[in-house]
Amino acid sequence: MCGCVLGPSAQWFLRFARLSVGNMFFHVRDLGVRAGRFDVELAPGVVEFLDPKLRQKGLLKANGKVDLVTGSLGEIRVRGHLAVQMEADCDRCLEPAGFPIDSDFELYYRPVEEGYGEETAIDEGEAEMGFYEGDGIELNDVLREFVLLSLPMQRICSEVCKGICPVCGQNRNQKSCACQTNAADDRWEALKELRSGN
Ligand SMILES: [Zn+2]
Ligand SMILES: [Zn+2]
């Protein structure tokens, strides 16, 4: 470290400050010099979830650190904390269901290069290992990935949600109906109806 004003650290700071205005980008070359940091509050819409049934309510707050895994060939590690209130349509009754996230996270990204394989090669057991193309990673992509990983497979408003009657369409959480249905099967029937209606 030379300690001079325009040394590597000052250049890094300038680059950091310029890019933090929009979607922060962490270049693997910069991460080789020193770790990057982020501390953001993002309004709904900044991180795109690409799922019309999923909505961000209020600010998404995240902070943490991005660095290279020691001894790796460009493997990037992102560690931090993320807090956001998400809302999704309940899979059973279609009413809004809240999914608060307030959690530490740790995600890893390997470069897409020979020897590492394609992104499609990720199996369920490696869900927290992603891949990046090009020179680095965009923070908003990382935040989206962690939010999606945090949501349950089945998004329901409550464990005891009774869903929609497949015969008359009544939301049975609000009012019961007199339809004859097979109690064991009707949740699946409701799902099938929803899917065939799309
Ligand atoms: Zn429900
Ligand atoms: Zn009914």
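This is a predicted model: local features need pLDDT of at least 70, side-chain atom pairs count only at pLDDT 80 or more; totals for chains, interfaces and linings use all residues.

**Walking through the model**

Colleague: At 30% relative accessibility, what does C177 count as: buried, exposed or partly exposed?
Modeller: Buried means under 20% relative accessible area and exposed over 50%, with partly exposed in between (1.4 Å probe, protein chains only). C177 comes out at 30%, so it counts as partly exposed.

Colleague: Where in the protein is confidence lowest?
Modeller: Helices (H or I, at least four residues) and strands (E, at least two) are DSSP runs, numbered from the N terminus. β4 has the highest confidence, at 97. Over residues 10-21, pLDDT stays under 50. The lowest value, a mean of 46, belongs to helix α1 (residues 8-19).

Colleague: Which residues coordinate the zinc ion (ligand 2)?
Modeller: Donors are N, O and S atoms within 2.8 Å of the metal (3.2 Å for Na, K and Ca), and sites may look incomplete as water is not among the atoms. Here the donors are spaced C-x2-C-x8-C-x1-C in sequence. Each one is an SG atom, at 2.2 to 2.3 Å, and the residues are C165, C168, C177 and C179.

Colleague: What is the geometry at the zinc ion (ligand 1)?
Modeller: C90, C93, C157 and C161 coordinate this zinc through their SG atoms, at 2.3 Å. Four donors count as tetrahedral if all angles lie between 85 and 135 degrees; four are square planar and six octahedral if opposite donors are over 155 degrees apart and all others between 65 and 115, and anything else is irregular. The angles among the four donor atoms are 104 to 114 degrees, making the site tetrahedral.

Colleague: How many residues apart in sequence are the parts that C90 and C161 tie together?
Modeller: Both C90 and C161 are buried. C90 sits in the loop between β4 and β5, and C161 in the loop between α3 and α4 (186-197), so the parts this pair ties together are separated in sequence by 71 residues.

Colleague: How many bridges join β4 to β5?
Modeller: Two strands pair if DSSP finds at least two bridges between them. β4 and β5 form a hairpin with six residues between them. A83 has D102 in β5 as its bridge partner. The two strands run antiparallel, and the number of bridges is 14.

Colleague: Which residues have the most contacts inside the largest nonpolar core?
Modeller: A nonpolar core is a set of buried Ala, Val, Leu, Ile, Met, Phe, Trp, Tyr and Cys residues joined through side-chain atoms within 4.5 Å. The largest has 36 residues, and β2 (36-42), β3 (54-68), β4 (76-89), β5 (96-111) and α3 (139-150) each supply at least two of its residues. Those with the most contacts inside this core are L60 and L82.

Conventions
Residues are numbered from 1 along each chain as its sequence is written. Chains are lettered from A and ligands numbered from 1 in the order in which they are written. Side-chain values use heavy atoms; hydrogens and water are left out. pLDDT is the predictor's confidence in each residue, from 0 to 100. Contact means heavy atoms within 4.5 Å.
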